[in-house]
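Hi,

Here is the structure I promised to pass on. Have a look at it first, then read my notes below.

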Amino acid sequence: RIENMTSDPDILGQPLKFAFSAEKLKGLRSASLEGTFDRVDPTARRDVLNLRLRGYEARDVKLVASKSLPVDLAEGLADLEVSASLEKGALTARITAGVRSARLLVGKGEERQGLAGRVDGAIRSALAGVTSLSLTAEITGTPEDFELKVRSDLDEVLKSAVGGLVRDQLAGFEGDIQKAIAGEVDGPLGKLGTGLKGLEAVGLDLDALNKKLADLLKK
């Protein structure tokens, strides 16, 4: 459906409106695209676009092209919503995507050594169990120069995986420190214990002397 199509929108006084929709497409359950192109006032032009996809069958989508940890979406059903507006050269947009029944493939890539390799292993194990994910992106600026902010629930999955690895590392680190400290202070503490026993003996002598002095004072 297209409304108010004209080469003279300022005379008509109405913005161009359009709406397209489709259902039961190959690999896509439904799609809709709506928007307006407002040229009624050429100095205050405004374009609005809304896109919605449901049940898109995503296959073999490369998510992360990392040399050490490549990640692909082997398959999944995706829902996508995009809302964007362009007014007086300023662009604002919001994108939300959700994937369910997902199967992620995490490649081996270049094997890194040490802690970096252990972090890769923790992330690989965490992503292997992910069956759904969501993502939100916000865009502000101009079409030529814009800022993109992305949030995803994978943040928590990765934080948990790496956090567990860090906790294990810290536990081992603390144990090593305790052993090292115990080894350093064992000798001095042993001598201190011997010295305390000697002080206890001196204390007994002082008690006996104090009693004798008290008896003399009485006399």
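Let's begin with the surface: the protein exposes about 15,700 Å², and carbon and sulfur atoms supply 57% of that. Keep in mind as you read that this is a predicted model. Of its 219 residues, 21% are buried.

Next, the overall layout. You'll find 3 helices and 8 strands. Starting at the N terminus, the elements come in the order β-α-β-β-β-β-β-α-β-β-α. If you take the contacts between residues at least 6 apart in sequence, 49% of them join residues at least 24 apart.

Now the sheet. The 8 strands make an open sheet, ordered S1-S2-S3-S4-S5-S6-S7-S8, with antiparallel pairing. Which strands stand at the edges? They are S1 (2-3) and S8 (146-152); each has a single partner strand, so one side of each has no neighbour in the sheet. As a reminder, strands of a sheet pair through backbone hydrogen bonds, either parallel or antiparallel.

On to the charged side chains. Side chains of opposite charge can pair when their charged atoms come close. The search of the whole structure turned up 10 salt bridges. Here are some to look up:

- Glutamate 3 and arginine 1 meet through their side chains at 3.1 Å, N to O. Glutamate 3 is partly exposed, at 33% relative accessible area, while arginine 1 counts as exposed at 63%.
- Glutamate 87 and arginine 46 form a salt bridge at 3.2 Å, N to O. Glutamate 87 lies in strand S5 (residues 71-87) and arginine 46 in strand S4 (residues 46-64), so this pair ties together parts that are 41 residues apart in sequence. Both ends are partly exposed: glutamate 87 has a relative accessible area of 38%, and arginine 46 has 35%.
- Glutamate 75 and arginine 59 also form a salt bridge, with their closest N and O atoms 3.3 Å apart. Glutamate 75 is in S5 and arginine 59 in S4, so the pair ties together parts 16 residues apart in sequence. Glutamate 75 is partly exposed, at 29% relative accessibility.

One last thing to look for: which residues are linked in a network of salt bridges? That would be Arg52, Arg54 and Glu81.

Cheers

Definitions and conventions. Residues are numbered from 1 along each chain as its sequence is written. This is a predicted model: local features need pLDDT of at least 70, side-chain atom pairs count only at pLDDT 80 or more; totals for chains, interfaces and linings use all residues. Side-chain values use heavy atoms; hydrogens and water are left out. Helices (H or I, at least four residues) and strands (E, at least two) are DSSP runs, numbered from the N terminus. Buried means under 20% relative accessible area, exposed over 50%, partly exposed in between (1.4 Å probe, protein chains only). Contact means heavy atoms within 4.5 Å. Accessible areas come from the Shrake-Rupley method with a 1.4 Å probe; for residues, only the protein chains shown count as cover. Two strands pair if DSSP finds at least two bridges between them. A salt bridge is a side-chain nitrogen of Lys or Arg within 4 Å of a carboxyl oxygen of Asp or Glu.
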